[in-house]
Amino acid sequence: MGSSSRDYTVFTINWWQNGAKLTPGDTFSKRAFVFASELAAAKPTADNLVPKVIPDKIDDTRWNPRAVDIYKVGTTSFDAVAATSSQGTSTTCTSTSATLACSGFSTPKAGYVPFFHITCGASNYLGPDPYHFTPGNGEWFTFPGLSDNNAQKIRSYACAGEVESVRPTWKLIGWFDPLTCSSLGSGLSYDDNICVVPTPVTAAPTSPP
């Protein structure tokens with residue numbers, strides 16, 4: 001674009017209207033369209049798309065969350081179990097060695113934050129900091145807030161102390177209270193078989209071969 005160093009165009013959504021304010025737990029979504037066409041077709045194409053543009057504000061009262069509980073086995077592993085029905089408030093873990101460590105929800109809720117299980121090589125982390133293994137975390141930036149130091153780059157795709165080929169993985173576990181769930185953290189690996197109800201063994205085949 002001439003002498004400019006920018007070689008792209010950024011499209012953004014500006015939400016300007018009465019009540020255009022998101023509170024904790026709210027979500028704003030908008031379906032919009034960008035198209036290219038011949039000049040003669042621009043207006044009829046746009047007129048056809050206008051009714052399909054859908055903005056929506058979803059507050060936390062419109063979710064139907066179910067309970068999500070985290071069960072730990074010692075200090076090495078955990079399982080996350082969701083209630084079996086929408087808006088269910090209880091979970092079950094059949095493991096006799098697992099203990100309930102934290103209770104949360106499957107959708108956003110005021111006062112609750114997303115918890116992630118993150119792996120970097122052989123390292124594990126369970127908690128609210130998605131940048132836990134990012135190089136520089138706790139040095140030139142922290143989450144939330146990050147940093148205004150433009151001399152340092154935040155490389156969330158890298159794992160501190162690992163070779164370049166090692167990449168982190170994230171799994172969203174649910175929304176939890178960061179104050180009551182502060183006992184979680186590093187070293188917990190995710191094992192989704194801890195609380196699985198075993199299939200009963202029958203003496204005879206359940207159906208003919």
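## A mixed sheet and its aromatic contacts

F115 is buried, with a relative accessible area of 1%; buried here means under 20%, exposed over 50% and partly exposed in between, using a 1.4 Å probe and the protein chains only. This is a predicted model, so local features need a pLDDT of at least 70 and side-chain atom pairs count only at pLDDT 80 or more, while totals for chains, interfaces and linings use all residues. Residues are numbered from 1 along each chain as its sequence is written, and side-chain values use heavy atoms, leaving out hydrogens and water.

With F176 it makes an aromatic pair that is tilted, 5.3 Å centre to centre and 55° between the planes. Rings of Phe, Tyr and Trp (its six-membered ring) pair if their centres lie within 6.5 Å; planes under 30 degrees apart are stacked, over 60 edge-to-face, and the rest tilted. Because F115 lies in strand β6 (residues 113-120) and F176 in strand β8, the pair ties together parts that are 61 residues apart in sequence. F176 is buried too, at 0% relative accessibility. The count of aromatic pairs comes to 5, and Y131, F141 and F143 form one aromatic cluster.

Now for the sheet. Its 7 strands form an open arrangement with mixed pairing, in the order β7-β6-β8-β5-β3-β4-β9. Strands are DSSP runs of E, at least two residues long, numbered from the N terminus, and two of them pair if DSSP finds at least two bridges between them. At the edges stand β7 (123-127) and β9 (189-190); each has a single partner strand, so one side of each is left without a neighbour in the sheet.

| Strand pair | Sense | Bridges |
|---|---|---|
| β3 and β5 | antiparallel | 6 bridges |
| β3 and β4 | antiparallel | 6 bridges |
| β5 and β8 | antiparallel | 2 bridges |

Strand β3 (residues 67-73) has 6 of its 7 residues buried, so it is largely enclosed by the rest of the structure. Its D69 stands opposite S103 in β5, and its K72 stands opposite F78 in β4. The hairpin of β3 and β4 has 3 residues between the strands, and there G74 takes a positive phi near 60°.

Over in β5 (residues 99-105), F105 has W175 of β8 as its bridge partner. The ring of F105 also carries the charged end of K109, which sits over it at 4.9 Å from its centre; this contact requires NZ of Lys or CZ of Arg within 6 Å of the ring centre and within 35 degrees of the ring normal.

The largest cavity has a volume of about 30 Å³. A cavity is a set of points on a 1 Å grid over the protein atoms alone where a 1.4 Å probe fits but cannot get out, and lining residues have an atom within 4 Å of a point. Points are joined across faces, edges and corners, and the volume is the space filled by probe spheres set on them. The lining includes I118, C120, Y131, F133 and W170. By class there are 8 nonpolar, 3 polar and no charged residues, where Ala, Val, Leu, Ile, Met, Phe, Trp, Tyr, Cys and Pro are nonpolar, Asp, Glu, Lys and Arg charged, and the others, Gly among them, polar.

Finally, G136 sits in the loop between β7 and β8 and is buried, at 7% relative accessible area. Its C-alpha is 7.8 Å from that of A160, although G136 and A160 are 24 residues apart in sequence.

Note on methods
Helices (H or I, at least four residues) and strands (E, at least two) are DSSP runs, numbered from the N terminus. On a 1 Å grid over the protein atoms alone, a cavity is a set of points where a 1.4 Å probe fits but cannot get out, and a pocket is an open set with protein on both sides within 12 Å along at least five of seven lines; lining residues have an atom within 4 Å of a point.
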